[in-house]
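Student: I have a new structure to read. Can you walk me through the terms as we go?

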Amino acid sequence: MIVDVGALEEFALGQPRPLQVAERNLVGVRVGDEVFVLENRCSHEDFPLAEGVVDLDTEEIECARHGAMFSLRDGAPMSFPATKPVARFNAVVRDGRVEVEI
Ligand code: FES
């Protein structure tokens, strides 16, 4: 299923944006003219990644709870205490709109 989650311009660079898509809690982060979408839940403990801070240079998001870093591109854990990835969803920008495949 492809879901329109808004205009690209509604995503501020590096600002995590919570998204409710098909009853799933996701987080979208704009990096340049791309938007990366992950599950809005840290894999360490159940905590919303949307409250974290994004490093645009490394394309990672830091969990605000204990500081684990995750790759925005694939959801891989980049630092402890997280050891498992978070789910990642394909997103494309088409005609200025962001579409997520779920
Ligand atoms: S809950 Fe995210 S690092 Fe612990």
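Tutor: We take the chain as a whole, then its strands, then its core.
This is a predicted model: local features need pLDDT of at least 70, side-chain atom pairs count only at pLDDT 80 or more, and totals for chains, interfaces and linings use all residues. Residues are numbered from 1 along each chain as its sequence is written.

Student: Why are S2 and S8 called edge strands?
Tutor: Start with the sheet. Four strands form an open sheet in the order S2-S3-S4-S8, with antiparallel pairing. Strand S2 (17-21) and strand S8 (88-89) each have a single partner strand, so one side of each is left without a neighbour in the sheet.

Student: What makes S2 and S3 a pair?
Tutor: Two strands pair if DSSP finds at least two bridges between them. S2 and strand S3 (residues 24-31) have five bridges, in the antiparallel sense. Therefore they meet the definition. In one of the bridges, Pro 18 has Val 27 in S3 as its partner.

Student: Which strand pairs with S9, and over how many bridges?
Tutor: Strand S9 (residues 91-94) pairs with strand S10 (residues 97-101) over four bridges, again antiparallel. Val 92 stands opposite Glu 99 in S10. The hairpin has two residues between the strands, and Asp 95 takes a positive phi near 50°.

Student: What makes a set of residues a nonpolar core?
Tutor: Its members are buried Ala, Val, Leu, Ile, Met, Phe, Trp, Tyr and Cys residues, joined through C-beta atoms within 7 Å. Buried means 20 or more other C-beta atoms within 10 Å of a residue's own, placed from the backbone; exposed means 12 or fewer, and partly exposed lies in between. The largest core has 24 residues; Val 27 and Leu 38 are among those touching the most other members. S4 gives the most to this core, with four residues.
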